[in-house]
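User: I'm new to this one. Can you walk me through the model?
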Amino acid sequence: MKQFLPILIVLLMASCQQKAPAPTQNEYPIQPVPFTEVRVTDDFWSQRIRTNHEVTIPIAIQKSEETGRIDNFRIAGGLKEGIFRSPFPFDDSDIYKIIEGAAYSLQMFPDAEMEATVDSLVILIGLAQEDDGYLFTNRTIMGENGHDWIGKTRWEKVDDLSHELYNLGHFYESAVAYYQATGKREILDIAIKSADLVDKVFGPGKLENWPGHQEIEIGLVKLYRATGEKRYLDLAKFFLDVRSNGIGRKNSYNQSHIPVVEQSEALGHSVRGAYMWTGMADVAALTGDQSYVDAIGRIWEDVVYRKLYITGGIGAEGGHEGFGGPYELPNGKAYCETCAAIANVFWNHRMFLMTGDARYMDVLERSLYNNVLSGVGVSGDLFFYPNPLESNGQHQRSEWFGCACCPSNISRFIPSMPNYIYALKDNSVYVNLFVASETHLHVGGAHLDVAQETQMPWDGKVVVKVNPDKPLKADFHIRIPGWSSENPVPGDLYTFADALAEPVKISVNGKAAKFELLNGYAVIDRKWKAGDQIEVEFPMQVRKILSHPEIAANVDRVALQCGPLVYCAEWPDLPDSLVSNLVVSREVQPEANFEAGLLNGMVTLTFDAEGTRRTAEGSVETYPKRAKAIPYYGWAHRGNGEMAVWLPTTKESSRPIPGPTLSSTSVVKASHPTDALKAVNDQVVPESSGDENHPFYHTWPRRKQTEWIEYHFTQPTEVTTSRVYWFDDEPRGNCRIPEKWRLLARQGSQWKEVAVSGPEGGNKDAWDEVTFPAITASAMRLEMNLPGDFSGGVHEWEVK
């Protein structure tokens, strides 16, 4: 196949001169200032954008090579022999997202080596594409013997898990991005050939089915904008309108349970949902379909008023990687997938562009600075997939994942971040995010240079320098963030426990500014001249946040926020390395200090608190403890240990250090050892078997076998009683109470079964307690026979 490569390279170079037609002019009423027109000059975001270019994108390419993702294209294109090399049929999309990220990054950091690497990937994609435009390496390589999710024939399981259309959505986005960045048209031509096939196959009177994972809608809209081909916009709208109306299986997991315009609740998989709502916003802006606008408005309220984490994360449950019910926002098992946070930014940005309302930018900013940034370490090469708000030490960042959607998504998102700073509408300039930056705009027939000077997120002073080339009548819309006003986010899901000591101050050229408050913006309307500047002082007061009383996990707890950053307490900053036993006064006044040597520099919060511990008699006592909190995005950089965003305000809501009992002083071992094993003797009694607000131990993914936990005593001890509180997350989870269980005692070198009278299976939502004649043992074993195709779990196990 080598003889084809020079021909393809010549075509690639020759096609650079071709131009795509412009699309029609229907668009969002407000337009973002593209990131290519914004130069970030601060020490916070500029570091991350450069690290993404120098570390994250190269790492993503390297890992894609190591894991066979790139080889899949070589094999599909006939350059190598073999079977599909990587785990999932959606792995093609990782290559596409990396190309998109590289396209964005190359516009800020010209890099001949990276561009050549992307060019080589484009060649491989072209070779992997079948003659009629079909592009899906798993099927091209494996034919009828592909992944179980994809079926025997093309599009057979498109509404389920095949991801054929999902992959293409990411490819269309990458094709448009790379074409616009370099002028090299071949990748765009590959995308057009693919989209023409999809348009030939799907549509009214054709195959009336929908994508099981939404994304192609966004990609088709971008392809429409780049080519002006309205068929692609129509196809995007078809894929939205056909949901629940076509031949596929209706399912709330992928939001196909009812027509999209009838939906009012955020249900199912959070990434699928947020991508769909983003696509709906795009199509609504381009077609004027008000029913789309109404639907995504209703869904947005359901998310923000009932299902949004204080970090801006969405998705409470790991089982389906998606939304729970109203106010179902557990902390330890919070999913808050990095991809979902990115999708949440996309969606809220579109909502702002449609309405000009700052509340959407408030949610965007919260997700951006907290959940999104938590998803990638400051070094750029370690990642989180879920981003929980509490940890007992079982979480750590990873270099890569078998399902690697999040690292590749980060690689494309970070370089596009400046896209969210500014926006324009006629003679209105929106300043949405406070980031030191420069941009050149065309407003009202004038050339306008705008520059921000600020140390945000560490300092609340912002100077906006306004330099038109001639006097200019224009209005500047300066967003007043929720964190500097009365509510952290729209609605009553979260509230501030304390009032602001100082209001936001705005001046122009040193004098108090006259402005109108409109949709969350301070609007300054005047004639501007060169040298004018807007000075804004946001109060960087540490705010204490309370949550809605219906959120069970946060009862008698408080969260801390300073500026746009949510804070957490983490084990390295506590004298005893314990966060779970912390008690914080609701009147606490933390001290903010900048620590230049900590994780590239950050403001930390220090305060006096208390720790709790149980006495030998079982009561709870407190002791003084100096505590520190760091920005949430910075956790899990310094080793494994406890972390919490929501901090207890009462002894009862804390988790005291266990008192000295036979169980708590034992060495705990298990057939399936994990960090969660310490939960079984922490003396925290759950409210029910399904209680996930407190630590618990489980054996997932081990199933259909016998598992055990052992207590090894400090010395041989006489024992007469044992009781266990089982974990069972029926119906949505994978753990069940064991079919049978038994006790064994270690006497000498042998394990002997203990003769007890008790149930064959286990009790649910109550202690399972047995007694037996006194025996002297050096250890006890709790042995569980797991039921059916399920795992097991234990909240607490006591031996006396």
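This is a predicted model: local features need pLDDT of at least 70, side-chain atom pairs count only at pLDDT 80 or more; totals for chains, interfaces and linings use all residues.

User: OK, the second largest pocket. How much space lies there?
Analyst: About 1,000 Å³. The second largest pocket has 32 lining residues. Pro34, Gln180, Lys222, Arg225 and Asn419 lie nearest its centre.

User: Which element gives the most to that lining?
Analyst: Helix H7, with six residues. H7 covers residues 164-182. Other elements supply at least two residues each, among them strand S1 (31-32), helix H4 (92-106) and helix H9 (216-227). Helix H13 (338-355) and helix H15 (405-413) are also included.

User: What classes are in the lining of the second largest pocket?
Analyst: The lining has 16 nonpolar, seven polar and nine charged residues.

User: Now cavities. How many of 30 Å³ or more does the structure hold?
Analyst: Three. The largest cavity has about 80 Å³ of space. Its lining includes Arg48, Thr51, Asn52 and Thr56. Leu373, Val376 and Ile410 are also among the lining residues.

User: Which helix gives the most there?
Analyst: Helix H2, residues 45-66, with four residues. By class, the lining of the largest cavity has five nonpolar, five polar and one charged residues.

User: What about the second largest cavity? How much space lies in it?
Analyst: About 50 Å³. Asp362, Glu365, Arg366 and Arg479 are among the residues that line the second largest cavity. Helix H14 (residues 358-374) gives the most, with three residues. The classes are three nonpolar, two polar and four charged.

User: Switching topic. What span does helix H5 reach from its first C-alpha to its last?
Analyst: 24 Å, close to the 24 Å expected at 1.5 Å a residue. H5 has 17 residues, 112-128.

User: Which residue caps the N-terminal end of H5?
Analyst: Asp111. One of its side-chain oxygens lies 3.1 Å from the backbone nitrogen of Glu113.

User: Which residues in H5 are buried?
Analyst: Among them are Met114, Val118, Asp119 and Leu121. The run Val122, Ile123, Leu124 and Ile125 is buried too. Leu127 and Ala128 are also buried.

User: Last topic, rings. How many aromatic pairs are there?
Analyst: The structure holds 39. One of them is Phe88 with Trp149.

User: Why does the pair of Phe88 and Trp149 count as stacked?
Analyst: The planes of the two rings are at 20°, and under 30 degrees counts as stacked. The ring centres are 5.8 Å apart.

User: Where do the two residues lie?
Analyst: Phe88 lies in the loop between helix H3 (69-76) and H4. Trp149 lies in the loop between helix H6 (137-142) and H7. So the pair ties together parts that are 61 residues apart in sequence.

User: What relative accessible area does each have?
Analyst: Phe88 has 21%, so it is partly exposed. Trp149 has 27%, so Trp149 is partly exposed as well.

User: Which residues do ring pairs link into a cluster?
Analyst: Phe44, Trp45, Tyr369, Trp458, Phe594 and Tyr633.

Methods. Residues are numbered from 1 along each chain as its sequence is written. Side-chain values use heavy atoms; hydrogens and water are left out. On a 1 Å grid over the protein atoms alone, a cavity is a set of points where a 1.4 Å probe fits but cannot get out, and a pocket is an open set with protein on both sides within 12 Å along at least five of seven lines; lining residues have an atom within 4 Å of a point. Grid points are joined across faces, edges and corners, and a volume is the space filled by probe spheres set on the points. Ala, Val, Leu, Ile, Met, Phe, Trp, Tyr, Cys and Pro count as nonpolar, Asp, Glu, Lys and Arg as charged, and the others, Gly among them, as polar. The expected span of a helix is 1.5 Å times one less than its number of residues. Buried means under 20% relative accessible area, exposed over 50%, partly exposed in between (1.4 Å probe, protein chains only). A polar contact is a pair of N or O atoms within 3.5 Å; within protein, one must be able to donate a hydrogen and the other to accept it, and residues adjacent in sequence count only if both atoms are side-chain atoms. Rings of Phe, Tyr and Trp (its six-membered ring) pair if their centres lie within 6.5 Å; planes under 30 degrees apart count as stacked, over 60 as edge-to-face and the rest as tilted.
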